[in-house]
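Subject: A structure for you to explore

Hi there,

Here is the structure I promised you. Please open it next to this email and follow along as you read.

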Amino acid sequence: MQKSFIVSIPKVIEKVFVVILLLFLSGAIIVLLNESGENPISKVISVIVQLGISFPVIVWCKKIVGTAIREKLLWVFIAFVLVSSFWSALPATTIRSSILLVQITLFGVYLATRYSLKEQLQLLAWTFGIGALLSIVVTLVLPSYGVMGMGSTLNAQAIAHVGAWRGIYVHKNILGRIMALGALVFLIFATSSYRQRWVGWAGFGLSVSLIVLSTSKTALVVLLAIIALIPLYRALRWNYTIALPFFITVILLSSSASVLLVENAESIASTLGRDLTFTGRTHLWAAIIHKIQESPWLGYGYDVFWRAGWDGDAADVWSMVRHQAPHAHNGFLELALDTGLLGISVFVLCFLKACLQAIKYVRITNSSEGLFPIAFLTLLIMVNLTETTLLRIPVFWVIYVTVTLSMSKSMVFGDSVGSRKSNKAQRVNLTKRYQVKH
């Protein structure tokens, strides 16, 4: 017993290390150091985090290679991002950002190699639980940091969202998106772990409360949509004779609901505090599409379009919309700016493959964990429709890589959590052992 306890110590330390890294990759803590993010301490921490995510990759290098090569399309996309430095206006910036993306991707590969999907959900639950608790503590103890518009440094965003909670994150919308993801993780955790179910429901309630306090209506709508879709995902496990009429009914009801939404779009938008331009986003998207058409195939180089300032291509967009937008407010348009139609086409193919795998994964599993991949991919699409989340908040990309590779790994080796095939194999083995003994 003492020996097993000693052996488990490094595993616990490793998990603590992973949770801390995931917390930083979610964009937490930096706001406490400096609101502009240019404090020397924040730069040092950024370097430490990059070294931290590289360390386990180096240690588990051999096993990681075997996992990584299962998703070749993913690496084609990463390679395209790297070579975009050749046509980038700021090649040095593109190279630095591309290397960071490679590091983050490899960290996701490490998680998929080292942990099962159930263990990954536990790590994520710890990450978002700590993030939620720290956000509450910081907001109550240091409201100048935790509440927008309460600090000494005021900008247009802080004034526009005075009183909205942002916790330990840079912006209230980031808190909302992180807590929406956290709520999904806790919901899956609550419906899968019988002994610790109350922890999942407590985390879910805490996450939803922070979404409300952040006043992030997009995050709330996305979460409600995901919750509504979970029974639909469960229906994928039904027999075809039952599932087909069910999905036909759902499609008919959804079509009717869509007509009602379109006819009452203006009143619904005003109820949510929005207008039909999504707070000016449609004008921004029109200007961005115009710039994409000027360099359609290759884009402008990864992570440089907005960085060049008024001396770069972003100046045309800012002049058209009459304000200095920091990003595209749409993850897919942002990706088109970075890598053009060729780059985004590779990503879309990779994403569609992951979606098909997720649907298959739901059908071959019978546990709540089996619903997480398809639910996460749906959430990823939704949060990127009006915000730039895909590559700007690294934890989303890490989870995308981890989930995609975990599904591939499970389908190859048949070790998926709650796998129907695995359960059947276990029953066969038990039967054979019983026959041998008797």
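Let me begin with a term you will need: contact means that heavy atoms lie within 4.5 Å. With that in hand, look at phenylalanine 372, which is in contact with Leu117, Leu121, Leu124, Leu184, Val185, Ile188, Ile399 and Val403, leaving aside its neighbours within four places in sequence.

Before going further, a word on where the values come from. This is a predicted model, in which local features need pLDDT of at least 70 and side-chain atom pairs count only at pLDDT 80 or more, while totals for chains, interfaces and linings use all residues. Residues are numbered from 1 along each chain as its sequence is written, and side-chain values use heavy atoms, with hydrogens and water left out.

**The overall picture**

The chain has 20 helices and zero strands. Helices (H or I, at least four residues) and strands (E, at least two) are DSSP runs, numbered from the N terminus. Of the 438 residues of the chain, 47% count as buried. Here buried means under 20% relative accessible area, exposed means over 50%, and partly exposed is in between, using a 1.4 Å probe and protein chains only. Among contacts between residues at least 6 apart in sequence, 73% join residues at least 24 apart.

**The core**

A nonpolar core is a set of buried Ala, Val, Leu, Ile, Met, Phe, Trp, Tyr and Cys residues joined through side-chain atoms within 4.5 Å. The largest one here has 112 residues, and those touching the most other members are Phe107, Trp306, Phe372, Phe376, Phe396, Trp397 and Tyr400. Helix H17 gives this core its largest share, 15 residues.

**Helix H17**

Do have a look at H17, which covers residues 331–364. A straight helix of 34 residues would span 50 Å at 1.5 Å a residue, but H17 spans only 31 Å between its end C-alpha atoms.

**Cysteines**

How many disulfides does a search of the whole structure find? Zero, where a disulfide is a pair of cysteine sulfur atoms within 2.5 Å,. Cysteine 350, for example, has the sulfur of cysteine 355 as its nearest cysteine sulfur, 10.0 Å away. Cysteine 350 is buried, at 2% relative accessible area.

**Residues that meet across the sequence**

Leucine 22 lies in helix H1 (residues 2–25) and counts as buried at 2% relative accessibility. Leucine 22 and proline 394 are 372 residues apart in sequence, yet 8.8 Å apart in space, C-alpha to C-alpha. Contacts of leucine 22 beyond four places in sequence include Phe107, Leu124 and Val398.

Tryptophan 87 sits in the loop between helix H5 (72–83) and helix H6 (91–114). It is partly exposed, at 28%, and touches Phe80, Leu298, Gly299, Tyr300 and Gly301, not counting residues up to four places away.

Arginine 166 is in the loop between helix H9 (156–160) and helix H10 (172–190). Is arginine 166 buried or exposed? It is buried, with a relative accessible area of 7%, and its side chain reaches the backbone oxygen of valine 170 at 3.1 Å.

**Two loop residues**

Most residues other than glycine have a negative phi. Aspartate 303 has a positive phi near 65° and lies in the loop between H15 and H16. Arginine 322 also has a positive phi near 65°; it lies in the loop between H16 and H17 and is exposed, at 77%.

Enjoy exploring!

Methods
The expected span of a helix is 1.5 Å times one less than its number of residues. A polar contact is a pair of N or O atoms within 3.5 Å; within protein, one must be able to donate a hydrogen and the other to accept it, and residues adjacent in sequence count only if both atoms are side-chain atoms.
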